[in-house]
Amino acid sequence: MKPSVKPNNPCFSSGPCAKRPGWSLDALEGAVLGRSHRAKAGKAKLAEVIERSKSLLEMPKDYRLGIVPASDTGALEMALWSLLGERGVDVFAWESFGSSWAADCQKQLKLKDLRQVKADYGKLPDLSQADWNRDVVFAWNGTTSGVRVPNGDWIAEDRTGLAICDATSATFAMPLPWNKLDFVTWSWQKAMGGEAAHGMIALSPRAVKRLESYTPSWPLPKIFQMTKGGQLIEGIFQGETINTPSMLCVEDALDGLKWGEQIGGLKALIARSETNLKAIEQWVEEAGWIGFLAERPETRSNTSVCLRITDPWYASLSTEEQEKGAKKIASLLEAEGVAYDIGAYRDAPAGLRIWAGATVETSDLKALFTWLNWAWHEVKTAAVKAA
Ligand SMILES: Cc1ncc(COP(=O)(O)O)c(C=O)c1O
């Protein structure tokens, strides 16, 4: 039987993610539009994003936070191109995004002393292999496999290399040990449900020191440049962006941050995400046909939850048939207006991916579960009949 109750918000995409509960275009009314972003009003908004983000994320006072172009990709590439090459580099990769950073280190930067420590979808690589006298690049949460590092215990306090962390699907959802991270990036379109376009870079004092003392051998495009004459461009960290930002996106980022503050700050944001993961875990256990792609429970993401179908009949199908089946579930639910964008990432194993960050209501997930069971039943029954 087709369920009767649909989620109020069918948005479960892993980016751009669902808007915060209650969001409407009215939230953007205060945007400074048709004005220079360098005028007092615009610059104040940009500085406000920085200050509110720092405070909401409980970042140490001596860390610098800036707004940069090209979303998280721009932010992370900025780190790779500006910091690497001074010493050996370890890249840890366990899904598509980490692998793309590793590929850039190898094929674009052509780093001579590069180690790649990799693991398949669902697993974490052996983190104990990290050598903290080298620079270490990794994503805190692998968005396309739903596998996260459980904590920062594997990161050395007394490291001499830099910890460069792509935290785009982790910030505002998972506690980050700032003192163990030197260059952290994220984008607005993830956990706070902001509009895409801009990235954030958080720099430890040691990252700043590296920038001021090391010049890479390769050319740096203007949008990657964080220093001038060997000195950090402090303006970037006060709202003087390198190039022109969208003030509409800025207003939306502010709206998300204010919502986060209102509901109780970082603790509350993390708690919402964890509650969502627990709800999914409970449903998975009861459903019987589906499981987590993440092999170890402590590595399960509480944002990009990746699921694989474990039913024995499904497991006996060819890879193509499995992919077709999983896509059919996602498209059935999209057609019903129940869930958008819940198919697995294009390079990931067949399955489903459901965003569980703070902007998603647990009640919407619970409504989705009954529909997922229904769609699974529909797809399996039709396939068995056709065989
Ligand atoms: C871990 C990770 N890194 C990088 C990106 C790319 O982010 P953006 O599209 O914001 O540049 C994503 C997007 O989903 C991601 O999840």
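Student: How many residues of the lining of the second largest cavity are nonpolar, how many polar and how many charged?
Tutor: In this predicted model, the lining of the second largest cavity consists of nine nonpolar, two polar and two charged residues.

Student: What is the volume of the second largest cavity?
Tutor: The second largest cavity has a volume of about 50 Å³. Of the 13 residues that line it, Leu293, Cys306, Leu307, Ala344 and Pro349 are the closest to its centre.

Student: Which element gives the most to that lining?
Tutor: Strand β13 gives the most to the lining of the second largest cavity, with three residues. Both β13 (304–309) and β14 (352–355) supply at least two residues each.

Student: How many cavities of 30 Å³ or more are there?
Tutor: The count comes to four cavities of 30 Å³ or more. In the largest cavity there is about 90 Å³ of space.

Student: Which residues line the largest cavity?
Tutor: The lining includes Val49, Ser53, Phe172, Trp186, Trp188 and Met192. Gly193, Gly194, Asp252, Ala253, Gly256 and Leu257 also belong to the lining of the largest cavity. By class, this lining has seven nonpolar, four polar and one charged residues.

Student: Is Asp252 buried or exposed?
Tutor: Aspartate 252 is buried, and its relative accessible area is 2%. This residue lies in helix α5 and is one of those that line the largest cavity.

Student: What is aspartate 252 in contact with, leaving aside its neighbours within four places in sequence?
Tutor: On that basis, aspartate 252 is in contact with Lys19, Trp23, Leu28, Gly193, Gly194 and Glu195. Among these, Gly193 and Gly194 also line the largest cavity.

Student: Changing topic, where is isoleucine 67?
Tutor: Isoleucine 67 is in strand β1 (residues 64–69). Isoleucine 67 is buried, with a relative accessible area of 1%.

Student: Which residues does isoleucine 67 touch, not counting residues up to four places away in sequence?
Tutor: Isoleucine 67 touches Leu46, Val49, Ile50, Trp188, His198, Gly199, Met200, Ile236 and Thr241. Among them, Val49 and Trp188 also belong to the lining of the largest cavity.

Student: How many residues apart in sequence are isoleucine 67 and alanine 386, and what about space?
Tutor: Isoleucine 67 and alanine 386 are 319 residues apart in sequence and 54 Å apart in space, C-alpha to C-alpha.

Student: Now strand β4: why is it largely enclosed by the rest of the structure?
Tutor: Five of the five residues of strand β4 (residues 135–139) are buried, so the strand is largely enclosed by the rest of the structure. Asp135, Val137 and Ala139 lie on one side, Val136 and Phe138 on the other, and both faces are covered.

Student: Which strand runs parallel to β4 and is joined to it by three bridges?
Tutor: Strand β2 (residues 89–93) is joined to β4 in that way, and valine 91 stands opposite valine 137. Strand β7 (residues 163–166) also pairs with β4 in the parallel sense, over four bridges. In that pairing, valine 136 stands opposite alanine 163.

Student: What is phenylalanine 138 in contact with, leaving aside its neighbours within four places in sequence?
Tutor: Phenylalanine 138 is in contact with Phe92, Trp94, Trp154, Ile155, Ile164, Cys165, Asp166 and Leu181.

Student: Which residues have the most contacts inside the largest nonpolar core?
Tutor: They are Phe138, Trp140, Trp186, Ile280, Ile329, Leu333 and Leu372, in a core of 92 residues. The largest share of this core, nine residues, comes from α9. Apart from it lies another core, of 33 residues, among them Leu76, Val137, Ile201 and Ala207.

Student: And what is the volume of the largest pocket?
Tutor: The largest pocket has a volume of about 310 Å³. Its lining has 15 residues, and Glu321, Lys324, Gly325, Val379 and Ala383 lie nearest its centre.

Student: Which helix gives the most to the lining of the largest pocket?
Tutor: Helix α9 does, with six residues. Helices α7 (312–315), α8 (319–335) and α9 (362–386) each supply at least two. By class, the lining of the largest pocket has 10 nonpolar, one polar and four charged residues.

How values were computed
Residues numbered from 1 in each chain as written. Predicted model: local features only at pLDDT ≥ 70, side-chain atom pairs only at ≥ 80, totals over all residues. Heavy atoms only, no water. 1 Å grid on protein atoms, 1.4 Å probe; cavity = no way out; pocket = protein on both sides within 12 Å on 5 of 7 lines; lining within 4 Å. Points joined across faces, edges and corners; volume = space filled by probe spheres on them. Nonpolar A, V, L, I, M, F, W, Y, C, P; charged D, E, K, R; others polar. Buried < 20%, exposed > 50% of the residue type's maximum accessible area, 1.4 Å probe, protein only. Pairing = 2+ DSSP bridges. Core = buried A, V, L, I, M, F, W, Y, C linked by side-chain atoms within 4.5 Å. Contact = heavy atoms within 4.5 Å.
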